[in-house]
Amino acid sequence: MKAGIVGLPNVGKSTLFNCLSNAKAQSANFPFCTIEPNIGVVNVPDPRLKKLEELVKPERVLPATVEIVDIAGLVKGASKGEGLGNQFLANIRETDAILHVLRCFDNDNIVHVDGNINPIRDKETIDIELQLKDLETAEKKLDKVKRAAKTGNKEAQKEEAVLLKIKEGLEQGTSIRALDFSEDDYAAYVKPLQFITDKPVMYVCNVDENSAVSGNDYVEQVKEAVKNENAEVLVLAVGTEADINELDDYEERQMFLEDIGLDEPGSSKLIRSAYKLLNQQTYFTAGVKEVRAWTVDIGATAPQAAGVIHTDFEKGFIRAEVIAYDDYVNYGSEAKVKEAGKMRVEGKQYIVKDGDVMHFLFNV
Ligand SMILES: Nc1nc2c(ncn2[C@@H]2O[C@H](COP(=O)(O)OP(=O)(O)OP(=O)(O)O)[C@@H](O)[C@H]2O)c(=O)[nH]1
Ligand SMILES: [Mg+2]
């Protein structure tokens, strides 16, 4: 599962990527600096790991990770191939969620491809290109389905109706994620086409240093514009945070963050939000050798969670011993949790909860 950073050229996507990952992408003040997508595996900051480490004192601690992709900037006409648009759109299609970066800072030295700062217009420019690409996908499919529908094929007729609804929506500027489908229709006709505007989205407002805490007028405009989208809007002083991240010393970084009014990097919040946007959650294993955060889909069963560690664990799953994170911390150790009767034994049907500390029993 990976989240792609999307936006106009020169809005700070690569700077954000660098800020999030250790791999340094090329970032520079000219449009189209990025061409090949950069992929980074980013640790998911989780204070619960620190707490478990204090209690268990393991040899090592491994955080959960999430993949972030820095994609090249899109411009008007991208869906028609402008500015290598087709290649970039293909890169976006391969991701599972979109982090849409909007430039919300003034700075005459940083070129804006459309001349002035206007995040609402920028968002529309990008949305339109993504919608046009999806329209192309929908129309191609519609052409194929139409013939079968005409011959009276019931299945094809249902699919045709769904595709027409998508086509009309897109033509009116509505992204597919905002359209309603029945669960069955969605699974059969929408999901397989991997539409770009069906991917979950989050907006990242790139602001100046002074707006890192409470945003600015541009951010307010963005919030107003997306209020019906049910999408998160995150405020981040990308350039400033990137500078702070360059510092090696933790104390020093913390000091600069406090200077701009933050107690933790906005980028940490962004990573956690991206993780959620990808429908991911964390369970822990806690032993003296290793305390580790593992990633599972929200809604995963205990055997599926075991399968993240090893496929044999899933195949041979017998049961799981589960301690809620809060119980683990309140009682202070696995032994004390057991004593208090707070350790649960769960079977194959168990739906994993975020923060579960799990131990699997299995046959091989
Ligand atoms: N002042 C200021 N400058 C920024 C900020 N974020 C990025 N920049 C500058 O803007 C320029 C472009 O940033 P990039 O991160 O390369 O932009 P991009 O969106 O990846 O651009 P493309 O790869 O061309 O699509 C660089 O000179 C950055 O230093 C910011 O928050 N504030
Ligand atoms: Mg870039």
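I began with strands: they are DSSP runs (E, at least two residues, numbered from the N terminus), and I call two of them paired if DSSP finds at least two bridges between them. The model I am reading is predicted, so local features need pLDDT of at least 70 and side-chain atom pairs count only at pLDDT 80 or more, while totals for chains, interfaces and linings use all residues. Residues are numbered from 1 along each chain as its sequence is written, and side-chain values use heavy atoms, with hydrogens and water left out.

I looked up strand E1 (residues 2-6) and found that it pairs in the parallel sense with strand E4 (residues 65-70) over 4 bridges, with Ala-3 opposite Ile-68 in E4. Both strands belong to an open sheet of 6 strands, in the order E2-E4-E1-E5-E6-E7 and with mixed pairing. Strand E2 (38-43) and strand E7 (233-236) are at the edges with a single partner strand each, so one side of each has no neighbour in the sheet.

Next I searched for salt bridges (a side-chain nitrogen of Lys or Arg within 4 Å of a carboxyl oxygen of Asp or Glu), and the whole structure holds 19. One of them joins the side chains of Arg-60 and Glu-290 at 2.6 Å, N to O. Arg-60 lies in strand E3 (residues 60-62) and Glu-290 in strand E9 (residues 290-297), so this pair ties together parts 230 residues apart in sequence. I noted Arg-60 as partly exposed at 48% relative accessibility and Glu-290 as buried at 15%, where buried means under 20% relative accessible area, exposed over 50%, and partly exposed in between (1.4 Å probe, protein chains only).

Notes. Chains lettered and ligands numbered in written order.
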